[in-house]
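These are my notebook entries on a two-chain model. I record what I looked up, entry by entry.

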Amino acid sequence: MKTHTILFEIGLEEMPARFLTDTERQLKEKTATWLNDARLAYEKLETFITPRRFAVLIHKLEAKQPDLHEEVRGPKLQIAKDQEGQWSKAAIGFCKGQGKTVDDIVIKQVDGFDYIFVEKFIEGASASDILPSFKDVVLSLNFPKNMRWGTRQLRFIRPIKWIVALNDKSVIPMEIEGVVSANETRGHRFLGTTVAIEDALDYRAVLKQQYVIANTCERQQMIVDQIKALEEAQGFVVPVDVELLEEVTHLVEYPTAFYGEFSKEFLAVPEEALITSMKEHQRYFPVRKKDQSLLPYFIAVRNGDDANIDTVKRGNEKVLNARLKDAVFFYDEDQKQTIEANNDKLKRMVFQEKLGTLHDKVTRVQAIAQSIAAALGLNSEQVGQVRRAAEISKFDLVTQMVNEFTNLQGVMGEKYARLKGEDEAVCIALNEQYMPRHAQDDLPASIVGQIVSVSDKMDTIVGCIAVGLMPTGSQDPYALRRQSMGIVQILERFGWSMSFEDLLDLVISHYETTEIEVADYRIVKNHVKEFFLARVSFLAKDRSVERDVVDAVTFNGLGRLHQLFMKASLLEAKRKDEGFKETQEALVRVMNLAKKAEDKDVQASLFENESETALYQTLLEVRAPFKAKIDEELYAEALHDLSQLTPEISQFFDKTMVMVDDDKVKNNRLALLCQIKKLVDALGDFTLIEWKQQF
Amino acid sequence: MHIQDMILTLQKHWSDQGCILMQAYDTEKGAGTMSPMTLLRSLGPEPWNVAYVEPSRRPADGRYGDNPNRLYQHHQFQVIMKPSPDNIQELYLSSLEKLGINPLEHDIRFVEDNWENPTLGAAGLGWEVWLDGMEITQFTYFQQIGGLEAKPVAVEITYGMERLASYIQDKENVFDLTWTEGVTVRDIFYQPEFEHSTYTFEASDTDLLFNLFNQYEQEAKRAMEKSLVFPAYDYVLKCSHTFNLLDARGVISVTERTGYIGRVRNLAREISKLYVEKREVLGFPMLKDGGVS
């Protein structure tokens, strides 16, 4: 069968680079689905995307859909024939409706009844009738941001300028928002011209002549090779940031990489500021030496060839030098200020309307941090470091550098504090207070940094929740979720000897001494606990621990978070462990009954049978080693100790009726069970778990 | 090419495209967009094509005349075309050629930049235009103004005149640019730059400014109650500039900003709505032959 090459190209005003990768993916998927739904067979689908166009080439498309042979079922045979055995009106009508005559009827059985059928032949539609509906594919593309233009109604990524739609050599008729398909494409905005594509197959070659490398991989590889060549020629080391490479690839149709230079004096400015200027503002690749130190060079990628590249290079150098001059200005100006003067400015900066100024916040954080340091038993030198780090934790927020490069908060604090001769541990903590900055970020390594980080975050979370700023849905302007995750991670990783509840009480007690108007701190406390429980569940889920297990290990509060997670993963594993089934059932039975019990001493004298004595004896033997293992956080071993009670528990329930009429005896038996429950409580409330062991 | 000649060239170019040549608006503002010639006239169905030079004040950018690139007050050349013509990018690029910038000798790019002015409830999609890595123009299709949907869509082109001139004249320092033969930017603007910077960062009376903000806001509301769109809008501009002075002085925190911006935005929204209503009562006089709505 004859096949065709099909080309669709949509030309646009420059699309945002960050959307191109996803747009190309959608284009590929949606075109494939469209062809599939249209029952059009083809050999290969190619997609292209540049800032000014997206395109698909469909190779070896069949000229028409496959024909269909279809059997159409009519009425039952008994209805299809009249009393004389002639075809009834129903049968004749059916055949007519299908464009057939009674001569075409065949009889077949379905579910034990005879029906009449006619065979129908549906000729496959021609591809050229279907191809114009590619418009639906174009209009089905989703973009994160759409716009309107002129007097048009359509919302699209950018205004559509031209449409090429070719079936081999002939134009496929199509129209979108007043733009009519043709065979004319446009080349590079400056190096190319408007040119006709004679045959869909020529697409790539025509565009290349027009200085457009339409294939993303090819364009990206050109940039990679050009950077490599510059590295070799100049002795540079250029760490290629994948995201930046992708963005740069999508900013050009015809890439030419070149290097430029900036004044060496700027290297005195912290590297982070230089890199932010280069990468984020200018989309340049920073250049390093073999020893990884930064060199006063950058690599940029021009959209065009290398003609007059010196002019382009000079222009780019001029821009970067001006930007860096600004950074130097900020850096120098900032250093003229004392930390105390900066701190003073915080008094005029509102942190949150109801929570006071940044100075108020710092005061709270300082008090909280000191209490935590004391509670964790830090030595006096460390307590001093915590106090100082908290005191100056926000001074860099009023520096010009942070004002200009907000992502450098903390980074600049550390550097400026060091220049002012602050204690090294304090300097490090100033940066670490913001860690983890995102889900994959490192945690603060120093204890001083951890304490300031947790204090700052807890202050924000408790404060915001206290004044009614609990995050809802996608609304979380103060990033409370991210910050609470940070706290959970820090407490878990470093195994703080402080329960979450003690930490929360400590923060709330500091809040209670402030003048912030809060109706009822008990309610706040409950809200914060629920909020953190949700974070813990989220983190647990990530580790395949289900919510019921989380509920079991937190029935008594979150406690110490590393213990919580250890217990949770142990119980999650035991949930399906067949070997644990008997013990689990015994303990759950004990706990269900023990919920009705009072916690009081067991009196052996009230025992009436051996099973009671035996259980009590074993309990006494198991108790001390169990508690020791719990203290040492050897939860699996502790659980093993408990399992030694299993035979005695079974015996006990076989031989002993707990709920007897004699209250003394009954309560003593319940007390015995309660003693066991108290041990199990150290691991969690087993009655809350949906056990899934099978035999 | 002197700045003055650049202005003349751009005026001629855009006049030839059918733009009305206007003069700068006489109230302090942070950007040419804030002139009622842009902000209000971009609203509603009436066609509107205009070009003008707008001196724009950015108190926070004041550098006492020391910085080679930053200015308390710079100049924007502003073009508005409503509805946006299909060939607007080409019209823009040909204006650059008239300024002597041959695209084949440079790297000219349209880099995504979605413009937003929360104080005016305005937002648009478009680009910053890069000339060899330098942003020389803001190119925006308005999507929303004063909280109202822009229909038809106006396109706004804002040339940063000093930026562009420093490239065209190949000067490192903005103060070395020539305005016309024998007269530099330094001659005209150094003293005001120094004095405005001193005022902004050291001498302004912040209590007075906070009071002014409140009073301007009150006056804007009062004018609104009397249905006086343009006077009310003038006071909104004054609110905005006063806010910028306070912000530059560092006495407004991130959180407070939201509150102040919200206050100005609410006014701008009401004024925008009222402007369209009043134009409608007048029968949208600039809408000829049924127009383009």
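Entry 1, a helix pair in chain A. I began with helix 23 (residues 581-594) of chain A and helix 27 (residues 663-681) of chain A, which pack at an angle of about 115° with their axes 8 Å apart. The model is predicted, and I read the values with that in mind. I then looked up the handedness, and the crossing of helix 23 of chain A and helix 27 of chain A is left-handed. From helix 23 of chain A, the contact draws on A:Leu587, A:Val590, A:Met591, A:Leu593 and A:Ala594. Helix 27 of chain A contributes A:Leu670, A:Leu673, A:Cys674, A:Ile676, A:Lys677, A:Val680 and A:Asp681. By class, I noted ten nonpolar residues, no polar ones and two charged ones in this contact.

Entry 2, the contact between the chains. I next asked how many residues each chain brings to the contact. Chain B provides 51 residues, and chain A provides 51 residues. The area that chain B and chain A bury between them is about 4,200 Å², with 49% of it on carbon and sulfur atoms.

I found six salt bridges between chain B and chain A. I looked up one of them by residue: the side chains of A:Arg18 and B:Glu112 meet at 2.7 Å, N to O. For polar contacts, I recorded 24 residue pairs between chain B and chain A, with both residues at pLDDT 80 or more.

I listed the elements of chain B that give two or more residues to the side that touches chain A. The helices are helix 2 (88-98), helix 3 (161-168) and helix 7 (254-281) of chain B. The strands are strand 4 (108-112), strand 6 (122-131) and strand 7 (134-145) of chain B. Which element gives the most? Strand 4 of chain B does, with five residues. I also noted that the residues on this side of chain B divide into 21 nonpolar, 14 polar and 16 charged.

Over all chains, I found 60 salt bridges in the structure. I followed the one in which the side chains of A:Glu14 and A:Arg189 meet at 2.9 Å, N to O. This pair links distant parts of the chain, its residues being 175 residues apart. A:Glu14 sits in the loop between strand 1 (3-12) and helix 1 (20-37) of chain A, and A:Arg189 in the loop between strand 11 (184-186) and strand 12 (194-196) of chain A.

I looked up two cis peptide bonds in chain B. One joins B:Lys82 and B:Pro83, with omega about -5°, and B:Pro83 is in the loop between strand 3 (73-82) and helix 2 of chain B. The other joins B:Lys151 and B:Pro152, with omega about 0°. I placed B:Pro152 in the loop between strand 8 (148-149) and strand 9 (155-160) of chain B. A:Arg283 lies in the loop between helix 9 (271-282) and strand 14 (285-288) of chain A.

Note on methods:
Residues are numbered from 1 along each chain as its sequence is written. Chains are lettered from A and ligands numbered from 1 in the order in which they are written. This is a predicted model: local features need pLDDT of at least 70, side-chain atom pairs count only at pLDDT 80 or more; totals for chains, interfaces and linings use all residues. Side-chain values use heavy atoms; hydrogens and water are left out. Contact means heavy atoms within 4.5 Å. Buried area is the accessible area (1.4 Å probe) that two parts lose on being put together, summed over both. A salt bridge is a side-chain nitrogen of Lys or Arg within 4 Å of a carboxyl oxygen of Asp or Glu. A polar contact is a pair of N or O atoms within 3.5 Å; within protein, one must be able to donate a hydrogen and the other to accept it, and residues adjacent in sequence count only if both atoms are side-chain atoms. Helices (H or I, at least four residues) and strands (E, at least two) are DSSP runs, numbered from the N terminus. Ala, Val, Leu, Ile, Met, Phe, Trp, Tyr, Cys and Pro count as nonpolar, Asp, Glu, Lys and Arg as charged, and the others, Gly among them, as polar. Axes are lines fitted to C-alpha atoms, for helices over the stretch in contact, and angles run from 0 to 180 degrees between N-to-C directions. A crossing is left-handed if the near helix is turned anticlockwise from the far one by less than a right angle, and right-handed if clockwise.
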